[in-house]
Each structure stands twice: as structure tokens, then as C-alpha cells.
Amino acid sequence: MRILLCGGAGYIGAHAYVVLVERGHDVVVADNFSNSSPGVLVRLQQITGHPVPFQPLDLRDREAVVGFFARQQFDAVVHFAALKAVGESCERPLDYFHNNISGTLNLLHGMQAAGVKRLVFSSSATVYGDPASVPVREDARLQVTNPYGRTKLVMEQLIGDLCESDPGFHAANLRYFNPVGAHASGLIGEDPTGIPNNLMPYICQVAVGRREHLSVFGGDWPTPDGTGVRDYIHVTDLARAHADALDFLVRERRNLTVNLGTGQGISVLQLVNAFAGAAERAIPYQIVARRAGDVAEVYADPSLANDVLGWRAELDVDAMCRDAWRWQSQNPQGYPSA
Ligand SMILES: NC(=O)c1ccc[n+]([C@@H]2O[C@H](COP(=O)([O-])OP(=O)(O)OC[C@H]3O[C@@H](n4cnc5c(N)ncnc54)[C@H](O)[C@@H]3O)[C@@H](O)[C@H]2O)c1
């Protein structure tokens with residue numbers, strides 16, 4: 001298939017690019033580099049052995065999006081492009097609504113005008129908010145707790161309405177849990193701008209000496225060691241699910257919403273200890289107050305993805321830490337500027 005990756009220069013998109021190329025697809029990356037750098041394209045070329053077809057594109061520019069689809073032919077789109085920092089979304093909700101929701105609307109317009117009818121969408125476990133019980137199944141109540149989460153839920157709903165209106169249009173909503181790790185080559189990985197919002201890149205930056213210590217938010221959660229429990233999933237496993245979801249859309253011609261996680265809850269301290277083992281160095285940390293809006297424990301029931309996609313996570317927490325550390329230690333300051 002000829003596949004467009006919107007936001008394909010980002011962390012998860014870059015890993016999905018590698019898997020899709022390995023599976024023989026013809027893949028084009030479109031991005032505005034608002035949270036990524038052109039340096040990733042050089043690395044993707046090193047991994048795949050071929051130049052990366054790239055289109056500068058800002059999804060907020062409807063004319064540009066529709067014009068691009070009119071000039072190019074695609075069999076499917078994978079839509080990663082979004083702003084994703086929860087805290088920032090509380091400070092700048094309108095920017096999040098504009099970028100994520102208007103951007104998605106423009107993308108859907110472009111696809112509809114050009115007759116492109118397959119979409120894989122990066123959704124998130126954030127749509128479950130603070131779940132009533134774990135593991136979380138796809139039919140759990142949806143409730144969002146911040147503007148970022150609201151954009152993900154609204155985007156799922158917009159896509160769902162389009163699918164309803166056009167029986168030929170099929171979409172897969174992939175609800176990611178907590179992606180971590182990096183490609184085994186150490187050439188691509190997570191490269192956040194500014195202070196990392198997520199745990200693993202923060203640990204990596206402490207390990208490499210860019211930050212003094214890690215703050216662990218809350219040591220009094222009702223969990224075995226008192227720290228928050230999440231479902232960390234290796235980005236390579238996650239990337240593979242995108243290729244499986246595209247195959248599903250072609251084969252089954254129906255819509256799909258699935259959780260992508262390992263099904264195993266890991267606490268902050270378990271992750272810190274696993275990382276310290278992989279990197280063979282101590283990770284200094286301090287337990288501080290809980291963060292507003294955080295929850296004790298969220299992990300997936302991933303059995304639907306196994307049933308319908310034949311997908312399951314294969315890489316364990318040690319592999320996640322080893323690969324994240326390889327990436328960070330080989331690239332202490334992230335991607336070099338291209
Ligand atoms: N990383 C996570 O923890 C996580 C968890 C659940 C869901 N997600 C979702 O997965 C997707 C990818 O996440 P990621 O971690 O790779 O993030 P990322 O920021 O690394 O990648 C997103 C990419 O989209 C691009 N982009 C953003 N707005 C754009 C626009 N208007 N036009 C064109 N390009 C634009 C950015 O420049 C970036 O390259 C996002 O939609 C995110 O919400 C991520």
C-alpha cells in the first residue's frame with residue numbers, strides 16, 4: 001500500500017515508519033516539525049537504506065492539506081499528528097483544540113475529497129480518565145480529565161461519525177497505553193523538547209546527566225510500593241500494531257477500537273529499578289507530592305487486540321529500559337540538527 005504518515009517524524013511515527021517499510025509498504029512522511037526535528041529523517045534513511053519521502057505539511061492549513069491529497073494518491077493514512085502534553089493542554093486549551101481537532105477535520109476533508117478511505121488513528125488510554133477498575137477493557141466508561149484527553153475523545157468521535165456516514169470509510173482507533181523504549185539500533189528514540197513530560201525520557205535524562213534527579217509524584221498511592229502503576233509498552237511492539245491494523249482494515253472492511261498495552265502494571269519504582277539495572281547506574285529520585293489529576297493505577301486488557309489483530313506485546317520491561325538507554329546514551333542531546 002501507499003501510506004501517508006501524518007506526524008510521522010515524531011517518536012511513535014518514526015518507529016512505525018520502519019515497520020511499515022520493512023513490511024514492503026511505500027510510505028510518505030508528512031510533518032510540520034512542531035515537536036520533532038528533520039534529523040530523524042536522516043536516521044530513518046540509515047535504518048532503511050533509502051531516502052525518506054517527506055512532505056512538509058501543517059494539518060492546521062486546510063488548503064495545503066486538501067491540495068496535497070489532490071496531487072498524491074494514498075491507500076491509507078496513519079494519523080499521529082497531535083500536541084500531547086497534558087499540563088500544556090490545561091494552560092493552552094485552544095491551541096490543543098485547534099491543532100488536534102481542527103487538524104484532524106482538515107485531514108478528514110482532504111481524505112474524503114481524494115477518496116482515501118482507510119485511517120489508523122493514534123488514540124490514547126487517556127480517554128478512560130480514572131477507570132473504575134483495572135485491567136481496562138475497550139467498553140469501559142470514557143471520561144476525560146484534561147483538554148488533551150478531550151481532543152483525543154473528540155477526534156475518535158469525529159472519525160466515528162465519518163465512518164457512520166460512509167460505509168466505505170474504515171478506521172482503527174488505537175488506544176496506546178504508555179509507549180517507551182527505542183529502536184534496537186539506537187538511531188531513533190524519544191527526543192522531547194524542553195522538560196520531559198513522561199517518566200521514561202525523564203529517567204533517561206537523569207541517567208545521562210542532563211537532570212539531577214527524578215521527582216516521583218506520590219509515594220502513598222494504594223499500590224504495592226505506593227507509587228503510580230502504568231502499562232508501559234515497547235514502542236517497537238506498538239509500531240507493529242499499526243501495520244497489523246492496516247492489514248485488518250483491508251481484510252475485514254470494518255471499524256475497530258483497541259487497547260494497545262502489555263496488560264501488566266509496572267510501578268514508577270519498578271521502572272526506575274529496571275532502568276538502573278539496564279544502565280548500570282543509580283537513578284537518584286525524590287518522592288514528592290501527588291500531581292493534580294494523576295491516578296493510582298491504569299493498565300490495559302489487551303485481549304481484543306490479540307483476538308482481532310493477532311497482536312500481542314512481546315518485549316518486556318528490561319528490553320524497554322535497555323533500548324531507551326541505548327538511544328539516550330548514544331544520543332545524549334537527542335537528534336543532531338540536520
Ligand atoms: N507518546 C505517548 O505517550 C502517547 C500516548 C498515547 C497516545 N499518543 C498519541 O500518539 C501520537 C504520536 O505521539 P508521539 O509520542 O509520537 O508524539 P510526537 O510529538 O513525538 O509526534 C507527533 C508528531 O506530529 C507532528 N505534528 C503535531 N501537530 C502537527 C500538525 N498540525 N501538522 C503536522 N504535524 C504535526 C509533530 O511535529 C510530531 O512530529 C499523538 O497523537 C499522541 O497524542 C502518544
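Two strands are taken to pair if DSSP finds at least two bridges between them. Helices (H or I, at least four residues) and strands (E, at least two) are DSSP runs numbered from the N terminus. The model is predicted: local features need pLDDT of at least 70, side-chain atom pairs count only at pLDDT 80 or more, and totals for chains, interfaces and linings use all residues. Residues are numbered from 1 along each chain as its sequence is written, and side-chain values use heavy atoms, with hydrogens and water left out.

Strands β6 and β11 pair in the parallel sense over 5 bridges, and Ala172 stands opposite Leu256 in β11. Strand β11 (residues 256-260) is mostly covered, with 4 of its 5 residues buried; buried denotes under 20% relative accessible area, exposed over 50%, and partly exposed in between (1.4 Å probe, protein chains only).

Strand β2 (residues 26-31) is largely enclosed by the rest of the structure, because 5 of its 6 residues are buried. Parallel pairing over 5 bridges links β2 to strand β1 (residues 2-6), with Val27 of β2 as the bridge partner of Ile3. Between β1 and β2 the chain passes through helix α1 (residues 11-22) in a right-handed β-α-β crossover, that is, with the strands pointing away from the viewer, the path from the first strand over the helix to the second runs clockwise. Strand β3 (residues 54-56) runs parallel to β2 and is joined to it by 3 bridges; Pro56 in β3 is the bridge partner of Asp31.

In helix α3 (residues 62-71), Val65, Phe68 and Phe69 are buried. Seen down the axis of α3, these buried residues fall within an arc of 95 degrees and therefore line one face of the helix, the arc being that of the directions from the helix axis to the C-beta atoms. The face turned away from the buried side of α3 carries the exposed residues Glu63, Ala70 and Arg71. The buried residues of α3 pack against β1, β3, β4 (76-79) and α5, where contact means heavy atoms within 4.5 Å.

Helix α6 (residues 147-165) has 19 residues and reaches 27 Å from its first C-alpha to its last, close to the 27 Å expected (1.5 Å times one less than its number of residues). Its buried residues include Tyr148, Leu153, Ile159 and Leu162, and the buried residues of α6 pack against α4 (86-91), α5 (93-114), β5 (118-124) and β6 (170-176).
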